[in-house]
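What does this fold look like, piece by piece?

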Amino acid sequence: MPPTGISHVRNFGGNIRFRPRSRYLPRDEKDVLRILDEHRSGTVRVIGAGHSWNGGIETSDALLDLRHLRQIRVHADRGRVSVGGGCRIAEVLAHLAPCGLTLPSIGLIARQSVAGAVATGTHGSGRHSMSHYVESMRIACYDADGEAEVRTVDSGQTLRAARCSVGALGVVVEVTLKCVPQYYVCERCVWRPDLDAVLDNESAAPLQQFYLMPRTWAYLEHERSVASDNRRSGAAMLYRAYWLVVIDVLLHLGIKLTASLLRSRRLVDVLYRHLLPACIFPKWQVTDRSDRQLLMRHDLFHHLEMEVFVPRDKLKPALDFVSEVLRVADNADYEASAGVHDRIRALDMRDSFERIRGSYSHHYPICVRRIRPDDTLISMASCHCREEQDWYAISLITFTDPRLSFRNVARFLATTMARSLGARLHWGKWYPLEAGQIEDSCPGLAPFRAISAQFDSRGVFRNRFIEKTMFRTPDYHSPQY
């Protein structure tokens with residue numbers, strides 16, 4: 001099929017901009033195969049919703065938009081649903097709802113394509129990532145002779161690789177996921193005195209996510225659990241309106257005004273010490289359908305995000321380290337604890353630490369979510385032993401421009417936490433690390449590379465981002481700043 005008109009492509013966050021040589025809108029699998037045959041000596045990438053902050057979608061050659069591959073089919077056993085590679089999560093949820101079904105895990109937003117969400121390990125809180133629930137995939141790739149073909153992957157190590165592949169195996173034209181009976185979620189927001197209190201409540205609220213607030217460093221728990229019956233609270237619609245208007249819109253506008261436009265540390269302080277606490281009502285408990293309660297609209301405003309994952313036994317030292325580094329970045333006179341200095345000294349990163357001192361004022365709640373171990377090779381919660389722990393995602397977001405100061409602080413945190421805490425980074429968020437820096441914390445990379453070669457021996461599906469993060473192994477101790 002002929003390419004569409006060529007124009008510059010931008011991602012949601014506005015930090016990625018490129019112009020492919022050819023951009024295609026295939027209508028079926030045959031179109032996809034023809035495109036792959038035409039570009040077997042080039043580079044092919046796929047754009048979903050563009051809701052990513054790294055260069056995963058970039059290509060100077062061929063870019064595929066699968067918006068026409070949006071078929072949805074619920075299997076007769078009602079335990080699986082097959083969806084086209086361009087189908088959005090919102091479309092799947094809307095299709096399943098009248099059938100009394102839903103997906104077992106979703107992220108915070110529903111505008112992502114399903115294929116893109118599973119390719120990057122998108123997750124919610126308290127369950128596995130979406131990748132874990134993939135039963136099979138149909139992937140357009142290349143055979144041993146370099147001819148384009150569609151391959152069905154449904155078992156073994158190959159399925160573990162395909163479940164989260166960041167597009168390195170080929171073009172995902174169909175995904176089959178588990179689906180479950182629709183369930184309802186009971187939630188409320190409550191302040192907790194410390195991390196121990198948050199984690200102590202985890203068994204009673206297994207779907208909870210929580211926030212470490214900047215400036216006050218207090219914990220706000222988004223307490224969530226599966227409701228005992230499927231009945232919507234009378235105030236559910238009012239609660240959703242409150243959350244949309246007060247949190248998703250007004251709080252974010254307040255952050256944009258105080259931190260980005262006025263750049264006032266004092267007003268950011270007022271926002272978190274006085275205004276936000278006045279808007280939280282701990283006694284307000286509401287039950288609603290899962291696909292309403294578990295979604296948020298943090299995509300209403302452009303921002304830049306990096307997400308760091310640590311195992312459960314490293315969560316407390318990780319959050320202590322993050323909060324202290326952010327305090328040093330915010331206030332040049334703040335003196336970090338001896339433990340933080342010892343960690344930085346052991347990594348020989350003292351100079352890098354001093355360069356970020358007083359350079360950046362963090363202004364957005366640090367969201368923390370628990371992810372159960374995934375049966376994948378390279379997702380952020382991938383499991384490689386029977387005793388694998390749960391993983392916790394620590395999300396760092398900025399609303400300010402220019403973003404250089406945030407990137408410097410985030411890069412420092414990513415580098416130090418990967419080396420000292422075995423941290424992993426989200427494949428769909430800003431990703432400042434390279435393959436050599438994540439080799440130890442991501443043991444599935446080696447077998448993943450071997451499987452990737454079976455689908456793409458010429459590296460057609462590799463771009464600069466894939467090469468840098470998965471295949472190159474630069475000197476681990478090379479300068480980062």
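## Terms and model

Helices (H or I, at least four residues) and strands (E, at least two) are DSSP runs, and they are numbered from the N terminus. This is a predicted model.

Three strands make up an open sheet in the order 3-5-4. The pairing is parallel. Strand 3 (22–24) and strand 4 (44–47) stand at the edges with a single partner strand each, so one side of each has no neighbour in the sheet. On average, neighbouring strands here are turned by 25° against each other, direction ignored.

Strand 4 pairs with strand 5 (residues 62–65) over four bridges, in the parallel sense. Take Val 46: its bridge partner in strand 5 is Leu 64.

Strands of a sheet pair through backbone hydrogen bonds, either parallel or antiparallel.

Strand 14 (residues 209–212) and strand 18 (residues 366–371) run antiparallel and are joined by four bridges. Tyr 211 has Cys 367 as its bridge partner in strand 18.

## Helix 14 and its partners

Helix 14 (residues 445–455) packs with helix 4 (residues 156–163) at an angle of about 95°. Their axes are 10 Å apart. Angles of 65 to 115 degrees count as roughly perpendicular, and helix 4 and helix 14 are therefore roughly perpendicular to each other. On the helix 4 side, Gln 157, Thr 158 and Ala 161 make the contact. They meet Pro 447, Phe 448, Ile 451 and Phe 455 of helix 14. By class, the residues of this contact are five nonpolar, two polar and no charged.

Helix 14 also packs with helix 15 (residues 464–471), this time at about 135° with the axes 11 Å apart. Helix 14 and helix 15 are therefore oblique to each other. Leu 445, Phe 448, Arg 449 and Ser 452 of helix 14 make the contact with Thr 469, Met 470 and Phe 471 of helix 15. That contact has four nonpolar, two polar and one charged residues. Phe 448 takes part in the contact with helix 4 and in the contact with helix 15.

## Cavities

How many cavities of 30 Å³ or more are there? The count comes to five. The lining of the largest cavity has seven nonpolar, six polar and two charged residues.

## Backbone details in two loops

Which peptide bond is cis, with omega near -5°? The bond from Asp 401 to Pro 402 is. Pro 402 sits in the loop between strand 19 and helix 12 (404–421).

Arg 78 is not a glycine, yet its phi is positive, at about 60°. Look for Arg 78 in the loop between strand 6 (72–74) and strand 7 (80–84).

Terms used. Residues numbered from 1 in each chain as written. Predicted model: local features only at pLDDT ≥ 70, side-chain atom pairs only at ≥ 80, totals over all residues. Heavy atoms only, no water. Axes fitted to C-alpha atoms, helices over the stretch in contact; angles between N-to-C directions. Parallel < 35°, antiparallel > 145°, perpendicular 65-115°, else oblique. Contact = heavy atoms within 4.5 Å. Nonpolar A, V, L, I, M, F, W, Y, C, P; charged D, E, K, R; others polar. Pairing = 2+ DSSP bridges. 1 Å grid on protein atoms, 1.4 Å probe; cavity = no way out; pocket = protein on both sides within 12 Å on 5 of 7 lines; lining within 4 Å. Points joined across faces, edges and corners; volume = space filled by probe spheres on them.
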